[in-house]
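This report concerns the pockets of one protein model and the residues that line them.

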Amino acid sequence: MRKNISRIFHFSFFILHLSFAVSAQEVEQHRPQFHFTPKSGWMNDPNGLVYYAGEYHLFYQHYPDGTTWGPMHWGHAVSKDLVKWEHLPIALYPDSLGYIFSGSAVVDEYNTAGFQKGKEKALVAIYTYHNMEYEKAGRKDRESQGIAYSLDKGRTWTKYAGNPVVKNKGDEDFRDPKVFWHEPTKKWCMTLAVHDHAEIFTSPNLKDWTYASSFGKNAGAHGGVWECPDLSNYIASDGKEKWVLMQNLNPGAPNGGSGVQYFVGDFDGKGFKNDNPPEKTMWFDLGTDNYAGVTWSGLPKNRNVVIGWMSNWGDYAQTVPTKTWRSATTIARDIKLLKTEAGYRLYQLPVKELNVILDAAATKTESKTMNFDGKVLHKGILQHSLDLSFDLKKATSTEIGFELSNDLNEKLVVGFDLKNNKCYVDRTNSGKKDFSKVFAVVHTADYAFGDKLTLKVLIDRASIELFVDKGKLAMTEIFFPNKDFDKISLFEKGKGSSLTQSKLIPIKSILK
Ligand code: FRU
């Protein structure tokens, strides 16, 4: 009964929010135009990413009644193309076992849990319960794992009566289950973040779980708490089957706050074996605004697609200057595992489906080689995909790059320091900055330049996603100019490099 009252209460709030948000969406300056945002209220991690019956599901950590973190629900949206999203009602509400923290969802293809009744397969969500009463009482066993199922393509959800399915033996951080089916052992596997390492559990039926192994206490970066692990299977560029553990960390990222490190190795259904020595740390995105990324389940074997939360948990997620909503996701990205001289490395690019919102007819292409210092590539509303190719003359040209600017003299600078082998994003004068002491700074990434450089850049109202040399390096950054940036211009320090091609394509808004 209490549950029903709270549902009705939440539902009326939701309706209120909806009607408010439709108009707020049009007016708020920094609302991204082609990235997913909640209609109103707070959002953090993407959750329950699963593809089923022609729909990509995106659930997300959501507090509908405020724009800062609060009692966690799973918000819900679906897409047919990973790009245009339809908002659906909240999928999971907090209950007597706790708030609904991050987790994953799977299609129970063989009905191992027995939830499926008719033809429609059961979607099963596996998530963390965070018990606030326990937390207030100082109990460490505050987090446990629960499951819920849907028999109507994710539209309604029933929590399993036997929850929790994984109990806590006293680990303060014990959360964010990512579950996948392991065909060779015919078992479900779950990776769980347990403070400073990941634990793997296995199950025949999603209900009964057995601890199998631990990984990471002494591997990779440990500047903060390990959260949201994602162990997934990849077919690498050399045709080999490999496993990648993406492991979110907060704080402890190279440019501060939260970030994603990853490990490449093998998995036998029980334990993960790292290819690299334990001290080796690899980062998925060297910007500061890509966190809690996880991959979709239910995709074909050779496709791995990730989406992240485009903010920084540790540094300013709760204070960025938006009013009716907070946070966006990154663009969905295809990830490939390339065999390189240094070993296996993740490459990432926007999903090819982005084409559906590219205004191809309005593409501006230039393909003659030219000096480019001072060249203005574009003036007007900035909501674009930008491809640039350069021939680099490192002997005489020390730095190249581009800036987004407005007539208030605010700018975001993206630079390539050819002398010191560094890419950087400079937010020092990018607009609003009072909301955080660490926002308006320069972020850098080491990068060994060759003789050519290609860039793919996605620019929305308040974000930039930079993919260098076909996705070898990614940097994702948000910004909040007082007036929208409306100019892109190129610069060079020293002389000799040339621009060989530029392509600028407007991106259509996904907001209705
Ligand atoms: C990551 C995280 C998760 C947790 C969720 C709570 O951003 O802290 O570890 O499940 O957010 O909202």
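Which element gives the most to the lining of the second largest pocket? That element is β22, with four residues. The model is predicted, so local features need pLDDT of at least 70 and side-chain atom pairs pLDDT 80 or more, while totals for chains, interfaces and linings use all residues. Residues are numbered from 1 along each chain as its sequence is written, and side-chain values use heavy atoms, without hydrogens and water.

A pocket is an open set of points on a 1 Å grid over the protein atoms alone, where a 1.4 Å probe fits, with protein on both sides within 12 Å along at least five of seven lines; lining residues have an atom within 4 Å of a point.

Around the second largest pocket stand 20 lining residues, with Y262, W283, R345, D446 and K472 closest to its centre. Besides β22 (343-350), the elements giving two or more residues to this lining are β17 (282-283), β29 (442-446) and β32 (473-478); strands are DSSP E runs of at least two residues, numbered from the N terminus. Domain 1 (37-350) and domain 2 (358-506) each supply at least three residues to the lining of the second largest pocket, the bounds coming from an automatic or database domain assignment.

The largest pocket has 31 lining residues, and F180, W181, N233, G298 and L299 lie nearest its centre. Here β9 gives the most, with five residues.
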